[in-house]
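Good morning, and thank you for coming. Please look at the sequence and the structure, and I shall then take you through a few of their features.

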Amino acid sequence: MARAIILMLDSFGVGASADAEDFGDVGANTFGHIAEACAAGKANIDRQGPLKLPNLEKLGLGLLAEESGGERPAGFSFNGPCQALYGYAQEKSRGKDTPSGHWEIAGVPVLFDWHYFPTTVPTFPADFIEQIINEANLPGILGDCHASGTEIIARLGEEHMASGKPIFYTSADSVLQIAAHEETFGLEPLLALCELARQKLDDHGLRVGRVIARPFLGSNAENFKRTGNRRDYSVLPPAPTVLDKLVSAGGEVISIGKIADIYAHQGITQKVKASGNDAIFDATLEAIKTAPEQSIIFPNFVDFDMEYGHRRNVAGYAKALEDFDQRLPELIAALQPGDRVFIAADHGCDPTWPGTDHTREYIPVICFGPDLNIAEYDSANIGLRTSFADIGQSIASHLGLPATDYGESFLPRQ
Ligand SMILES: O=P(O)(O)O[C@H]1O[C@H](CO)[C@@H](O)[C@H]1O
Ligand SMILES: [Mn+2]
Ligand SMILES: [Mn+2]
């Protein structure tokens, strides 16, 4: 039995990476700063005191974060021995966005430049917007600027409901986001509009990573809330990922949450819809119980990023981490011999950092399994990995798949 389970903690960075200066992120540290705030009593909403992640800590989280961030996060003191391989990885891809991080983890770094929209207003090309307005028969659009998604629906949501004009915005990532009310505008029209926008961007030769549908509900600025019906329209990864290689070899790739969207539905054999970290955890446990041999089970825990990192909500992020940690024993108990669990992230999103964007950071790399014998390694510490692709290459080795073009495996080839 050989299976791989990738627990993607979306945005859980462990310290500014060597190239953070290029991104204005020197000093960022998602994990380190959350731990620091908790230890200082500054994150006591729905939780209390120092950050407690005992299960992740036993897997080497504190030890690896000391190496990646320069000091042991506040409140973490476990010195091993660890029942896991632990290290940290630097991103080769040029962007600190979600697709770049995910694709690189699957063995395909993004070595081209995405198209980013300028911070000037309007931000989107006039001819592109004109075409969209004409073809979708819209009364116009709102926004056309850089914004935080929750802030812009509070600011423009009521005008949107009254006028029927959808809200177009972007961020420091290569994204075009369209927010619209799920009832007054309608979910299906919003999804159709996003598909049209995806097509037009591609026609214009604009290499925009994702068009994202952002439906919301509510009646006024005080109570607008985004729903779980978000959809991402991604371009295809530029080369076959380890997911594609497993599908070609007849295996199963089970997407849980937004994974399928991030890989543009390529290299995926089953899609499990789940929204919210807890539901995603439940779906992951279910897949672990039922997935056949030669499977990749791949959940993305998006709340860390979407609900807490971008919202700069330190206490919320800390609580979500503690909730995740508390459930890890359930997952460990469900594992079967031959399973390898990888805990990783796709970029940072330090909730103490200025702005609302991602931060260029190292990611944690933790690997364990019931029959992974750490004694066979010189050390459980696998140190600095020079690409996230080491994870994809290790999965290729473990599942006996053709090697990916990038990355060095830290697992033996089966
Ligand atoms: O502020 P919201 O809409 O959550 O946007 C965030 O979500 C986008 C996609 O993950 C990112 O580019 C980031 O800006
Ligand atoms: Mn992400
Ligand atoms: Mn994000």
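**The UniProt positions and the ligand shell**

Asp-10 is found in the loop between β1 (3–9) and α1; helices (H or I, at least four residues) and strands (E, at least two) are DSSP runs, numbered from the N terminus. This is a predicted model, in which local features need pLDDT of at least 70 and side-chain atom pairs count only at pLDDT 80 or more, while totals for chains, interfaces and linings use all residues. Residues are numbered from 1 along each chain as its sequence is written, and chains are lettered from A and ligands numbered from 1 in the order in which they are written.

Asp-10 has 26 C-beta neighbours inside 10 Å and therefore counts as buried (20 or more other C-beta atoms within 10 Å of its own, with C-beta atoms placed from the backbone).

Under "binding site", an unreviewed UniProt entry lists Asp-10, Asp-346 and His-347; such annotations may be inferred rather than shown by experiment. These positions span 338 residues in sequence, yet no two of their C-alpha atoms are more than 7.2 Å apart, so they gather at one spot.

Asp-346 lies in the loop between β12 (339–344) and β13. With 29 C-beta neighbours inside 10 Å, Asp-346 also counts as buried.

Where does ligand 1 lie? Domain 1 (3–111 + 238–399) and domain 2 (126–234) both give residues to its shell, so ligand 1 lies between them; the domain bounds come from an automatic or database domain assignment. Among the surrounding residues are Thr-98, Asp-173 and His-310, where near means a C-beta atom, placed from the backbone, within 6 Å.

Definitions and conventions:
Buried ≥ 20, exposed ≤ 12 C-beta atoms within 10 Å, placed from the backbone.
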